[in-house]
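Here are my notes on this model, as numbered points. Please read them with the structure open.

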Amino acid sequence: MSINRREFFKIAGFAAALGLGGATVAAAVKKEVESSGPYLLDPKGLKAKRWAMAVDMAKFQSDADIQKCIDACHQTHNVPEVDPANPAQEIKWLWTETYEHAFPGNEDEFIAPHYKHLPFLVLCNHCENPPCVRVCPTKATFKRESDGIVMMDMHRCIGCRFCMAACPYGARSFNFRDPRPFIKKELNREFPTRTKGVVEKCTFCYERLAKGVMPACVEVSNGALAFGDIDDPGSDVRKVLDNNFTIRRKPELGTHPSVYYVIGGKEHA
Amino acid sequence: MYDSGKILAGLIIFIVIATLPFTLNLGKAVAKPSPSIDTPAINQMAKKQCVESKDYMKTTHMQMLNNWRDEVVREGNRLYVAADGKEYNMSLQNTCMHCHSNKSKFCDECHNYVAVKPYCWDCHIAPKEGA
């Protein structure tokens, strides 16, 4: 059979039209299937564009107040306490740091000695531009688009520790050993532990936010920790930021941390 | 054939060793796994119904757990709408194991039989089993 040039163009044009049409129909069907999944957000959960925290150091009356926040965090998340003689293996979610370690570059010679010697409460900053997420080869750590929380997917973590090298705040810890024998307190049986060979850090209590409650440390802080949506002008954290002078850790790096520190706040404010 | 004695003896020894797993277990029936649903939470249920039908759970629970994991961890969705319209909190530790609080008699029963070792329990805490 032979076809002339005109017939060939007719057939080719018809086939192309058919192909294009089919592709759009297939795409529409696929979209339909994907969007009507059986998975739903919990309506009880707290929602925000971007979660943030303000730490008002003046509202901590004593070291015990700070310890209370740390204990609440560690209890909630089954954080192990490794041998203090082995600080390289320490697992840190919420911990204290001296002024010059928390704010290097700001350690001026004549600074109010009161502040110089405060134990600053530090945690993962849940950066807007998180370097840990950029370096993760498996996307085990990722920034949740819905609310800006920098999350860990322990199922994916391969323990390469790139994120620990990338994080300028030292907020990530590696499980060199099985952490379970080092959990001294009663286990929180509603939250998993971690396993050997994964990196962990503060999660802004995403599992509590999903249930509609504030993070564990915020709950026991007596107002020293303000938490909320930084995009919402009426939120607790914005009220603190609007009325106080605040600083962030290493802002010059361009990571845009979400944790703010109130300097010189009024006590019992 | 040179050294036929040595070669034949070697061959016979090889065949005996290679078939040892079969010959040793010959005639021995391994007990069929029978996962138990005898737990306080399940016994209290009027209708003993899992999230989906028994057949679906039997064949598809691993894919389902994978999907649940991805939805919860990566998408933040925590509610699963089952085929019968009921809503469940997607959580291995808090939902599945709340009813199936007998991990050694439920999960392990089949997993040991087919020699699969899911690493769920490296992190997730298995429920306390009575005595």
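This is a predicted model: local features need pLDDT of at least 70, side-chain atom pairs count only at pLDDT 80 or more; totals for chains, interfaces and linings use all residues.

1. Strand β2 (residues 51–56) of chain A pairs with strand β9 (residues 225–229) of chain A. The two are antiparallel, and five bridges hold the pairing. Within β9(A), G228(A) is the bridge partner of A52(A). V55(A) stands opposite L225(A) in β9(A).

2. β2(A) has another partner. Strand β11 (residues 259–262) of chain A runs parallel to β2(A), and four bridges join them. Here A54(A) has Y260(A) as its bridge partner in β11(A).

3. Now the sheet as a whole. It is an open sheet of four strands, ordered β9-β2-β11-β10 in chain A, and its pairing is mixed. β9 and β10 (246–247) of chain A stand at the edges; each has a single partner strand, so one side of each lacks a neighbour in the sheet.

4. How well covered is β2(A), and how many of its residues are buried? The strand is mostly covered: six of its six residues are buried. In a regular strand, side chains alternate between the two faces of the sheet. W51(A), M53(A) and V55(A) point one way, while A52(A), A54(A) and D56(A) point the other. Residues of both sets are buried, D56(A) included.

5. The largest nonpolar core counts 59 residues. Those with the most contacts inside it are M53(A), A54(A), V55(A), L94(A), L123(A), L225(A) and V237(A). β2(A) gives the most to this core, with five residues.

6. V55(A) deserves a look of its own. Leaving out residues up to four places away in sequence, V55(A) touches L121(A), A224(A), L225(A), V259(A), Y261(A) and V262(A). L225(A) is also the residue that stands opposite V55(A) in β9(A).

7. Check the backbone at H126(A). This residue has a positive phi of about 45°, although it is not a glycine. H126(A) sits in the loop between β4 (120–123) and α5 (131–135) of chain A. Is H126(A) buried or exposed? With 27 other C-beta atoms within 10 Å, H126(A) is buried, because the cut-off for a buried residue is 20 or more.

8. D3(B) is found in the segment before α1 of chain B.

9. Helix α1 of chain B comes next. α1(B) covers residues 4–18, which makes 15 residues. It reaches 21 Å from its first C-alpha to its last, close to the 21 Å expected at 1.5 Å a residue. α1(B) is hardly covered, and the count of buried residues among its 15 residues is zero.

10. Where do the chains meet? In all, 18 residues of chain A are in contact with 16 residues of chain B. On the chain A side, these residues divide into eight nonpolar, four polar and six charged.

11. Strand β1 (residues 39–40) of chain A and strand β1 (residues 79–81) of chain B run antiparallel, joined by two bridges. L79(B) in β1(B) is the bridge partner of L40(A).

12. On domains, chain A is divided into domain 1 (1–39) and domain 2 (51–262). Their C-alpha centres lie 52 Å apart.

13. Last, P127(B). This residue is found in the segment after α7 (120–123) of chain B. P127(B) is partly exposed, with 17 other C-beta atoms within 10 Å. Not counting residues up to four places away in sequence, P127(B) touches M97(B), S101(B) and K103(B). D70(B) is 57 residues from P127(B) in sequence and 23 Å away in space, C-alpha to C-alpha.

Definitions and conventions:
Residues are numbered from 1 along each chain as its sequence is written. Chains are lettered from A and ligands numbered from 1 in the order in which they are written. The expected span of a helix is 1.5 Å times one less than its number of residues. A residue is buried if 20 or more other C-beta atoms lie within 10 Å of its own, exposed if 12 or fewer, and partly exposed in between; C-beta atoms are placed from the backbone. Two strands pair if DSSP finds at least two bridges between them. Two residues are in contact if their C-beta atoms, placed from the backbone, lie within 7 Å. Ala, Val, Leu, Ile, Met, Phe, Trp, Tyr, Cys and Pro count as nonpolar, Asp, Glu, Lys and Arg as charged, and the others, Gly among them, as polar. A nonpolar core is a set of buried Ala, Val, Leu, Ile, Met, Phe, Trp, Tyr and Cys residues joined through C-beta atoms within 7 Å. Domain bounds come from an automatic or database domain assignment.
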